[in-house]
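Notebook open, model loaded. I'll jot down what I look up as I go.

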Amino acid sequence: MDRRFKKIEMTDVIEIIAKRGFYYLPLSRVYDTFSGCRYIIVTDNSDFAKQNPKFAKEIIMTSEEFEPYAETFNAYFVNEDRERKRQQLHIDEGYMEDEESDLKISNFDWNPVENAVFANLQNEQIHLALEQLTETQRKRVELFYLHGWTERQIAEYEGVNRYAVRKSLDQSIKKLKKIL
């Protein structure tokens with residue numbers, strides 16, 4: 001099902017109602033497994049259900065009644081679109097597979113306890129890996145990655161040139177990648 005975001009503009013809804021006499025929103029656009037009504041029908045015709053008996057069991061409301069729902073749906077669609085884009089970014093950047101186990105990370109049903117345990121294990125592994133670096137490398141990695149210093153700031157602080165800091169950081173990252 002295509003869930004890309006399409007904002008519901010009330011001006012468009014009113015224009016469609018003026019042309020066709022009604023606007024409809026398929027509930028499958030919002031809910032994957034919705035049972036019952038299939039549409040929300042927005043119309044200003046109070047006799048719509050009588051004139052269209054096959055739609056009598058659908059949700060029928062006026063444009064004024066529909067407006068707060070449209071705002072809610074728009075917020076929902078923005079969230080869904082943001083999540084879809086975030087997941088696509090992770091797929092594009094290769095975050096979907098765990099190289100050690102070849103399991104799809106997205107298949108796990110994470111809970112807060114597991115997240116905390118996983119974060120602690122990662123922190124412990126990173127701490128142990130940092131201990132494998134020389135003192136200078138560790139200090140530069142901490143300043144650059146943890147404290148947000150620039151290479152130039154580190155170089156000025158240590159009284160060395162920027163190239164030496166860059167080279168040291170590159171070597172540190174290579175070493176950490178091998179360890180981790």
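Which side chains meet in a salt bridge at 2.7 Å, N to O? I looked it up: arginine 166 and aspartate 170. By salt bridge I mean a side-chain nitrogen of Lys or Arg within 4 Å of a carboxyl oxygen of Asp or Glu.

Ground rules before I go on. This is a predicted model, where local features need pLDDT of at least 70 and side-chain atom pairs count only at pLDDT 80 or more, while totals for chains, interfaces and linings use all residues. Residues are numbered from 1 along each chain as its sequence is written, and side-chain values use heavy atoms, with hydrogens and water left out.

**Entry: overall layout**

I find seven helices and three strands in the chain. Both are DSSP runs numbered from the N terminus (helices H or I, at least four residues; strands E, at least two). From the N terminus on, the order reads α-β-β-α-β-α-α-α-α-α. Of the 180 residues, 21% count as buried; my cut-offs are under 20% relative accessible area for buried, over 50% for exposed, and partly exposed in between (1.4 Å probe, protein chains only).

**Entry: the sheet**

The three strands make an open sheet, ordered E1-E2-E3, with mixed pairing. Strands E1 (23–26) and E3 (59–61) are the edges, each pairing on one side only. Two strands pair if DSSP finds at least two bridges between them. I get four bridges joining E1 to strand E2 (residues 39–42), and these two run antiparallel. Helix H1 (residues 10–20) packs on the sheet and touches E1 and E2, its direction making about 120° with that of E1. Axes here are lines fitted to C-alpha atoms, for helices over the stretch in contact, and angles run from 0 to 180 degrees between N-to-C directions. Contact means heavy atoms within 4.5 Å. I also noted tyrosine 24 standing opposite isoleucine 41 in E2.

The structure holds five salt bridges. Back to my opening pair: arginine 166 and aspartate 170 sit about one helical turn apart because they are four residues apart in helix H7. Arginine 166 is partly exposed at 26%, and aspartate 170 is partly exposed at 36%.

Next, arginine 162 meets glutamate 151 at 3.3 Å, N to O. That pair links distant parts of the chain, with arginine 162 in helix H7 and glutamate 151 in helix H6 (residues 151–158), 11 residues apart. Glutamate 151 is buried at 9% relative accessibility, whereas arginine 162 is partly exposed at 45%. I see Glu151, Arg162, Arg166 and Asp170 linked in a network of salt bridges.

Over in helix H1, lysine 19 and glutamate 15 lie four residues apart and their side chains meet at 3.5 Å, N to O. Lysine 19 counts as exposed at 67%; glutamate 15 is partly exposed at 45%.

**Entry: arginine 140**

Is arginine 140 buried or exposed? Buried, since its relative accessible area is 8%. Arginine 140 lies in helix H5 (residues 135–146). Beyond four places in sequence, I list its contacts as Ile154, Glu158, Val160, Ala164, Val165, Ser168 and Leu169. Serine 168, in helix H7 (residues 162–179), is buried too at 7%. With residues up to four places away set aside, serine 168 touches Gln137 and Arg140.
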